[in-house]
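Please walk me through this protein model in short questions and answers. Keep to what the coordinates give.

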Amino acid sequence: MKPIILDVDTGIDDALAISYAVNSPELELLGVTTCFGNVTVQEATRNTLLVLEHLDSSLPVIPGAAKPFFVSRVKASAVHIHGRDGMGNTLSDGKLPKREASSQYAPQFIIDQVRSRPHQVTIITVAAMTNLALAIMQAPDIVNLVDNVIVMGGAVTRAGNATPHAEANIYADPEAADYVFASGIPITLVGLDVTMETLLPKKDVEVWRDKQTTLGDLMADMTDFYIDAYEDFYPGIGGCGLHDPLAVGVAIHPDFVTTSPMHVRVDLEGFHTLGRTVGDLRSKPANQPNMQVCLQVDADRFLKHFLSRVV
Ligand code: BDR
Ligand code: CA
């Protein structure tokens, strides 16, 4: 079993990723850390606890950053994609989880777990990268102690989603992402380059509803909202991007994707390009690669695997 920390901003596709991860015996989830992004960190923590409740899981949920690492900017709203509550408007007003989040702080949890299991832990970030940046700033030794960091973020070879060039998780905290990218920590980048190839159509969601379980109903209601939002955003697309679940999939089966070593940094200044992940695609790059970038995905194989486990 691979020890995993999953860092989320739950979020509909985060909820799908959590369910997929919890139901995957190859992964030993050490805890789920939360960050601002799709919603506030308090809402992300609540949503994560509620999803885990549906999964009968008592995994620790550790709240993290409420704001960006270094510079606070006005952020793109995710209400149209994830709903007012981050769960596709499925939560009744005032709905609270039965249990409480951990009193620890996510960056400290990351440091403690990585140090206690040297060279073993994989961190999967599917939110702004603030918690990991704070952890590295406080404990630079963890850079050489993790097994890998799988990042859902960026768009190296295709358009962004938050802006024409920037993907939402990177755009939420560009300085945090760039700090992590420059730190020397091993990274696999699961960006829109591949996640926009893994589309989930409505017909597959109907199957979850047919199961007549509270988990199936919740996941189906949320995901219907998400697919409708995608259809609004990308008319004719026929499904929603399985961004965060693919990052989990890559932890389970790295061969779902084909990667290329590359030097990638984040644009921190561009007026039109803030948050863009700039990969050095030249035949003779100026710098050594700092990550493996996923460029192709076996979408059918991944989708089958995801659907066999998520609900
Ligand atoms: C990413 O942004 C968030 O809205 C999603 O949860 C995912 O992590 C996709 O760009
Ligand atoms: Ca997310």
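**Helices, rings and loops**

Ala251 is found in helix α11 (residues 243-252). Helices here are DSSP runs of H or I with at least four residues, strands are runs of E with at least two, and both are numbered from the N terminus. This is a predicted model, in which local features need pLDDT of at least 70 and side-chain atom pairs count only at pLDDT 80 or more, while totals for chains, interfaces and linings use all residues. Residues are numbered from 1 along each chain as its sequence is written, chains are lettered from A and ligands numbered from 1 in the order in which they are written, and side-chain values use heavy atoms, leaving out hydrogens and water.

Q: Is Ala251 buried or exposed, and what is its relative accessible area?
A: Buried means under 20% relative accessible area, exposed over 50% and partly exposed in between, with a 1.4 Å probe and protein chains only. Ala251 falls in the buried class, because its relative accessible area is 2%.

Q: Which residues does Ala251 touch, not counting those up to four places away in sequence?
A: Contact means heavy atoms within 4.5 Å. For Ile150, 101 residues apart from Ala251 along the chain, the C-alpha separation is 7.4 Å. The residues touched by Ala251 are Lys2, Ile4, Leu27, Ile124 and Ile150.

Q: How many helices and strands does the protein have, and what is its radius of gyration?
A: The protein has twelve helices and twelve strands. The radius is taken over C-alpha atoms, and the globule rule is 2.2 Å times the number of residues to the power 0.38. For 311 residues the rule gives 19 Å, and the protein is close to that, so it is as compact as a globular protein of that length; its radius of gyration is 18 Å.

Q: What percentage of the residues of the protein count as buried?
A: The C-alpha atoms fill a box of roughly 55 × 45 × 40 Å along the principal axes. Among contacts between residues at least 6 apart in sequence, 82% join residues at least 24 apart. Of the 311 residues, the share that counts as buried is 59%.

Q: How many residues of α1 are buried?
A: Helix α1 is mostly covered. Its buried residues include Ile12, Asp13, Leu16 and Tyr20.

Q: Why is the pair of Tyr20 and Phe306 edge-to-face?
A: Rings of Phe, Tyr and Trp (its six-membered ring) pair if their centres lie within 6.5 Å; planes under 30 degrees apart count as stacked, over 60 as edge-to-face and the rest as tilted. A search of the whole structure finds eight such pairs. In this one the centres are 5.3 Å apart, and the pair is edge-to-face because the planes stand at 85 degrees.

Q: Where in the chain do Tyr20 and Phe306 lie, and how many residues apart?
A: Both residues, Tyr20 and Phe306, are buried. Tyr20 is in helix α1 (residues 12-22) and Phe306 in helix α12 (residues 299-307), so the pair links distant parts of the chain, 286 residues apart.

Q: Which helix holds both Tyr226 and Tyr230?
A: Tyr226 and Tyr230 form an edge-to-face pair, 5.1 Å centre to centre, with 70 degrees between the planes. Both are buried. They are four residues apart, about one turn, in helix α10 (residues 214-233).

Q: Which residues does Thr45 contact, leaving aside neighbours within four places in sequence?
A: Thr45 lies in helix α2 (residues 41-54). Thr45 is buried, with a relative accessible area of 8%. Its contacts are Thr34, Val61, Pro63 and Ala101.

Q: Which peptide bond is cis?
A: Most peptide bonds are trans. Gly11 sits in the loop between β1 (2-8) and α1. With omega near 0 degrees, the cis bond runs from Thr10 to Gly11.

Q: What is the phi of Asp56?
A: Most residues other than glycine have a negative phi. Asp56 is in the loop between α2 and β3 (61-63), and is exposed at 75% relative accessible area. Asp56 is not a glycine, yet its phi is positive, at about 55 degrees.
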